[in-house]
Amino acid sequence: MTNSTEAQKPQNTKKNKKKGATLDTFYGAKIQNTEQIEEDIQENSPKSSKGNRNSPQTHEEFESEMTKKMEALWEEKWEIMQKKFMHLQNQFDQTVKENQALKQELIKQSQNTKKLEENIKYLTDKVIDLENRGRRENLRIIGLPEKPEINTKLDMVIQDIIKENCPEILEQGGNTATDRAHRTPSTLNPQKTTSRNVIAKFQSYQTKEKILQEARKRQFRYKGMPIRVTQDLASSTLNDRKAWNMIFRKARELDLQPRISYPAKLTIYFQGKVWAFNKIEDFQLFAKKRPELCGKFDTANHDLQKGKRAGSPTKNQLPSKTDYILPRESMGIQQNRRLPTFCKEKTRALWKV
């Protein structure tokens, strides 16, 4: 038994060696067959050359030669990278210069655009002013019925209106003659039940102003029917005046004596002074700074912020069939306003100055 066990020992040692080699390799020790690898390295490594010129290089010489080759390779790569970097740097600098030039050009273009916008606004205001001045001898008559005997004799109808409402102008010898009178628009729309307006151009500007002043004082009539006589203005000016309508009504309720002057300027009498406003925003700032007016025009401001037409009644403010009365100031500003058919008779009966 002892011999058999001793005979088996060498076999176990070989197995243990193999197992030990694999375990050493797993834990980071020398790789299996390291002796054979070391022999191969020694055979291929440079040997010492003492006195023999044809002998291979030494290990130090080999390392120095490889170091020089690596340095030369890195220097070559470094030069290539420097050239690429310089090229990219030049492109970047050129791009920055181009961007600066574009920015300066953009600033110039924005300045030119601003000047053009200012010029357009100036020219637009100038054209509107010229249009209004071209209409300075005109009067707009609203409410004349659409009848053939009236449409064919508008000049004579206008003279009858002057005789009926302001005869003192004729007594003073004023020139009430008209160059022409016509309906506007020129074509009648059968879907509309209200009559078209009449534009009358007078020969005398002074006579036209006297008639307009009398129309502001009292209600004009034609054969007992109420009509309105207002100044003829450009459509853009009329829209600007309409924007003041809600504020105008509230100011009249507060007894501020509001007036709309040419072209679309609101004037009020407050604390013994006359204040004029060209824009609604200016009036809002003025009202906020005065405790007596602060919060009084919130309804008008709310409607303006919603984008509603100034002066248009809300759903709860619509008049009934029996109490429809169109205020005087809105009639003076909204010249193209048309009345519903159900309240025409009531309006004629209840129209007040």
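This is a predicted model: local features need pLDDT of at least 70, side-chain atom pairs count only at pLDDT 80 or more; totals for chains, interfaces and linings use all residues.
**Notebook: aromatic cluster and cores**

Started with the rings: Trp244, Phe270, Trp275, Phe277, Phe283, Phe286 and Phe297 make up one aromatic cluster.

I searched the whole structure for aromatic pairs and got six. I looked up Trp244 and Phe283 and found ring centres 6.5 Å apart with planes at 85 degrees; over 60 counts as edge-to-face, so that is what this pair is. Trp244 sits in the loop between helix 8 (235-242) and helix 9 (245-253) and Phe283 in helix 10 (residues 280-289), so the pair ties together parts 39 residues apart in sequence. Trp244 and Phe283 are both buried.

Next I checked Trp275 and Phe286: the centres are 4.8 Å apart and the planes at 45 degrees, so I logged the pair as tilted. This pair links strand 8 (residues 273-277), which holds Trp275, to helix 10, which holds Phe286, 11 residues apart. Trp275 is partly exposed at 24% relative accessible area, while Phe286 is buried at 6%.

Then I looked for charges over rings. Arg290 lies over the face of Trp275, 5.2 Å from the ring centre. Arg136 does likewise over Tyr205, at 3.9 Å from the ring centre.

Last, the cores. The largest nonpolar core has 21 residues, of which Ile141, Leu144, Ile161, Ile211 and Phe220 touch the most other members. Elements giving it two or more residues include strand 1 (138-142), helix 5 (154-165) and helix 7 (205-217). Helix 5 gives the most, five residues. Apart from this core I found another, of 16 residues, with Trp244, Ile247, Ile268 and Ile280 among them.

Notes
Residues are numbered from 1 along each chain as its sequence is written. Side-chain values use heavy atoms; hydrogens and water are left out. A nonpolar core is a set of buried Ala, Val, Leu, Ile, Met, Phe, Trp, Tyr and Cys residues joined through side-chain atoms within 4.5 Å. Buried means under 20% relative accessible area, exposed over 50%, partly exposed in between (1.4 Å probe, protein chains only). Helices (H or I, at least four residues) and strands (E, at least two) are DSSP runs, numbered from the N terminus. Rings of Phe, Tyr and Trp (its six-membered ring) pair if their centres lie within 6.5 Å; planes under 30 degrees apart count as stacked, over 60 as edge-to-face and the rest as tilted. A charge sits over a ring if NZ of Lys or CZ of Arg is within 6 Å of the ring centre and within 35 degrees of the ring normal.
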